[in-house]
Amino acid sequence: MTGQPVMYVIDGARIHTLDDVFTVVGEAVRGEGGYFGRNLDAFADCLTGGYGTPDDGGFLFVWENSDRSREALGYAETARQLEQRLAQCHPTNRERVRADLERALREDGPTAFDWVVGIFEFRDVRIDLR
């Protein structure tokens with residue numbers, strides 16, 4: 001990487017669901033209608049570079065209004081996502097997903113916001129929560 005990294009700004013005020021994360025980040029990177037995954041696995045893949053971001057990793061994200069996103073992607077959205085996952089997952093995963101759902105319903109454990117931030121961290125992509 002040479003020079004200043006490319007900065008992408010995420011407007012957290014536009015994020016109300018996990019699906020909105022993919023849309024808002026996609027538009028920050030690739031413009032209106034820009035693709036940046038439609039699930040957490042695809043999102044993680046897109047963060048590796050080359051899906052509109054520099055291949056050399058010379059980029060970062062600034063997540064403005066992240067407090068609003070944190071609230072929107074809290075336990076209610078987490079439970080909603082886990083209910084969908086439970087309905088679609090392989091039978092061998094149901095017990096684990098059900099346990100995660102029960103934790104979310106008790107407002108315990110990671111939230112959907114934590115999942116997203118964790119993916120940035122796992123992919124070693126700098127994110128500035130503001």
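1. F61 has a relative accessibility of 0% and therefore counts as buried, where buried means under 20% relative accessible area, exposed over 50% and partly exposed in between, with a 1.4 Å probe and protein chains only. This is a predicted model, in which local features need pLDDT of at least 70 and side-chain atom pairs count only at pLDDT 80 or more, while totals for chains, interfaces and linings use all residues. Residues are numbered from 1 along each chain as its sequence is written, and side-chain values use heavy atoms, with hydrogens and water left out.

2. F61 forms an edge-to-face aromatic pair with F120, at 5.2 Å centre to centre and 70° between the planes; rings of Phe, Tyr and Trp (its six-membered ring) pair if their centres lie within 6.5 Å, and planes under 30 degrees apart count as stacked, over 60 as edge-to-face and the rest as tilted. Because F61 lies in strand β2 (residues 59-64) and F120 in helix α6 (residues 112-122), the pair ties together parts that are 59 residues apart in sequence; helices (H or I, at least four residues) and strands (E, at least two) are DSSP runs, numbered from the N terminus. F120 is buried, its relative accessible area being 0%.

3. Across the whole structure, a search finds nine aromatic pairs. One of them joins F59 and F61, whose ring centres are 6.1 Å apart with planes at 85°, so this pair is edge-to-face. F59 counts as buried at 7% relative accessibility.

4. One aromatic cluster is formed by Y8, F22, F36, F43, F59, F61 and F120.
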